[in-house]
Amino acid sequence: MLNTVNFNPRRILLDPTSVCNLRCVQCHNATGLDPIYHIDMKRVDELVEMSKSEPGMLVSLTGKGDILCHPQWKEMLRRLDTCDNLTSMFYTNALLLKDSDIDFCWNLKNLKVMHVSIDAANAESYRNIRGGDFNKLKKILSALGFHPKAKALRMSMTVMKENVNQMKDFVDLAVEVGFHAVSFQAIFNRPYTPIKTPKGFVFDNSQVLLAPEIEDRVVEAAEYGKKKHLFVDTEQLGYMKDKHPIMFWHKFFFDTWLKKAMDITSGEREEDEKSEIRSLLKARPACLRPWTELSHIDEGWRVCCMQFHDSVLGGKDATLQEAWNSPQMQRIRDELLNHKCPPECDPVHCEIAAKLDTKITDKRYHRKF
Ligand SMILES: C[S@@+](CC[C@H](N)C(=O)[O-])C[C@H]1O[C@@H](n2cnc3c(N)ncnc32)[C@H](O)[C@@H]1O
Ligand code: SF4
Ligand code: SF4
C-alpha cells in the first residue's frame, strides 16, 4: 500500500515561533497581531528520535517569526546536534545575534547553512522595509561571514519596487561581509494592508513586482555574481519563468534535492525500503511531497506546502510518527496517486495542484493569508 510508508520524511520544516523582533513591511508579521506561539520542545525530540532511522534528514527552521525569539532556540539547535545523520539550517533576520551566539552556531556540527533575510543593500531601504539598523546588521554579517568556523551563508532579498535597483549592490554587500550566496525572492502577490513608516515610506500593493518582471534583473545579477565568485541562486530563475512561488520549491525539490533525498541506491537503506521507494516512483503520483516532507506549524504537523490549510495531520496532539501515516495523510497520498487534487493542496500558488484542480480558473495569485 503506497499510501502508508515505512520510510520517514527526508525534509522537516519546523516553525519555531510566531514572535519576531522586526515588523518588515511585506511580512504577515507586520501587524504584530499574530497570536504568540513557541514550538514545544517535545516536537524537536520526536524529530531527533526519528532521525535515528532516517539517513540524511534535512531540518529547516523557519516560518512565521524569527527563531532567535524562541526562548530555547539554542537548546533546540543543541538537541538537533545530537543526531548523527542530520543537516540543519535556519532563516533569520540576524539582528539579535551576539558574538557568543555566532560562536555557538558555528561550533555546531549539524548546522550547515544560515540564511539571513535582508531585503536591501543600503541603510535607507533597510530602514524602510525592515525598520532595522543597517550598520549594526553589517557588523553582525561580517562577524558571521569572517568567523573562522563559518559554514554556508546565504542572504536574501524579497524583491519589490523599493529595492529592485539594488540587486548588484546586494551582490557586492554579500562579498563585502564574507557571505557565499544570495537569493532573490519574488514577493507574494496577495492583498497587502498599506503601511506608512515613521520616515514616510509607503508600502502597499503598488510595490509588488511579479516574478516575470524581475527575471531579467536576476539574470543580470547572477552574471554579476559570477564575476565576483558569488553564487546567485539560479534555481529561482526556473521558478520565475513559471511565475509561481511554489513552483520554485517544486523545481528545486524535484530537480535537485529530491533526487538525492529519494536516492534508492543509498547503501544506508534497508532493502525493503528501497523496493518501496522503487514502487512509489514507478506509480508516478502527481506530486511526491507528501512522501518526502513534513512541517510543524502552529499547532500541528502538516505537509510543508499545506501550511495555510486549517487541518493538521492526525489532529493537534498527533506525534510526528502518527501524523506521517495518519488517515488524512493516507487519503492525500491516495488522491495524488490517482491524480486528483487533495482539498488541502493550494491551487492558487501550486502549479501541480492547479493542473489537477479543474475548477480553478481566475483565482491564481490571489491567495489570502
Ligand atoms: C517570514 S520570514 C521568517 C524567518 C526570518 N524571520 C526571516 O526574516 O528570514 C521567511 C522568509 O519569508 C520572506 N518573506 C516575508 N514576507 C514575504 C512576502 N510578502 N513575499 C515573499 N517572501 C516574504 C522573508 O524575507 C524571509 O526570507
Ligand atoms: S524578520 Fe522575518 S518574520 Fe520577522 S517580520 Fe521580517 S520577514 Fe517577518
Ligand atoms: S500543494 Fe499539493 S500538489 Fe502542490 S506541492 Fe503541495 S502536495 Fe504537491
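**View 1. The shell around ligand 1.** Strand 3 (86–92) and strand 5 (152–159) each contribute at least two residues to the shell around ligand 1, strands (E, at least two residues) and helices (H or I, at least four) being DSSP runs numbered from the N terminus. The model is predicted, so that local features need pLDDT of at least 70 and side-chain atom pairs count only at pLDDT 80 or more, whereas totals for chains, interfaces and linings use all residues. Residues are numbered from 1 along each chain as its sequence is written, and chains are lettered from A and ligands numbered from 1 in the order in which they are written. Ligand 1 is surrounded by 16 residues, the closest being Gln26, Asp66, Tyr91, Ser117 and Phe188 (a residue is near a molecule if its C-beta atom, placed from the backbone, lies within 6 Å of it). Five of the shell residues are nonpolar, nine polar and two charged, where Ala, Val, Leu, Ile, Met, Phe, Trp, Tyr, Cys and Pro count as nonpolar, Asp, Glu, Lys and Arg as charged, and the others, Gly among them, as polar.

View 2. The residues around ligand 2 include Cys20, Cys24 and Cys27, together with Arg23, Asp66 and Ser117. By class, this shell has four nonpolar, four polar and two charged residues.

**View 3. The shell around ligand 3.** Twelve residues surround ligand 3, and the closest are Cys287, Cys305, Cys345, Cys350 and Ile352. Helix 9 (245–261), helix 11 (289–292) and helix 14 (351–356) are the elements that give two or more residues to this shell, which divides into nine nonpolar, one polar and two charged residues.

View 4. Nine strands form an open sheet of mixed pairing in the order 9-6-5-4-3-2-1-10-11, two strands being paired if DSSP finds at least two bridges between them. Strand 5 and strand 6 (residues 181–186) run parallel and are joined by six bridges. Helix 6 packs on the sheet, touching strand 5, strand 6 and strand 9, with its direction at about 150° to that of strand 6 (contact requires C-beta atoms, placed from the backbone, within 7 Å). Helix 7 lies across strand 5, strand 6 and strand 9, running at about 170° to strand 6.

**View 5. The packing of helix 6 and helix 7.** Helix 6 (residues 167–176) and helix 7 (residues 211–227) pack at an angle of about 30°, with their axes 9 Å apart; axes are lines fitted to C-alpha atoms, for helices over the stretch in contact, and angles run from 0 to 180 degrees between N-to-C directions. Met167, Lys168 and Val171 of helix 6 meet Arg217, Ala221, Tyr224 and Gly225 of helix 7.

Terms used: Two residues are in contact if their C-beta atoms, placed from the backbone, lie within 7 Å.
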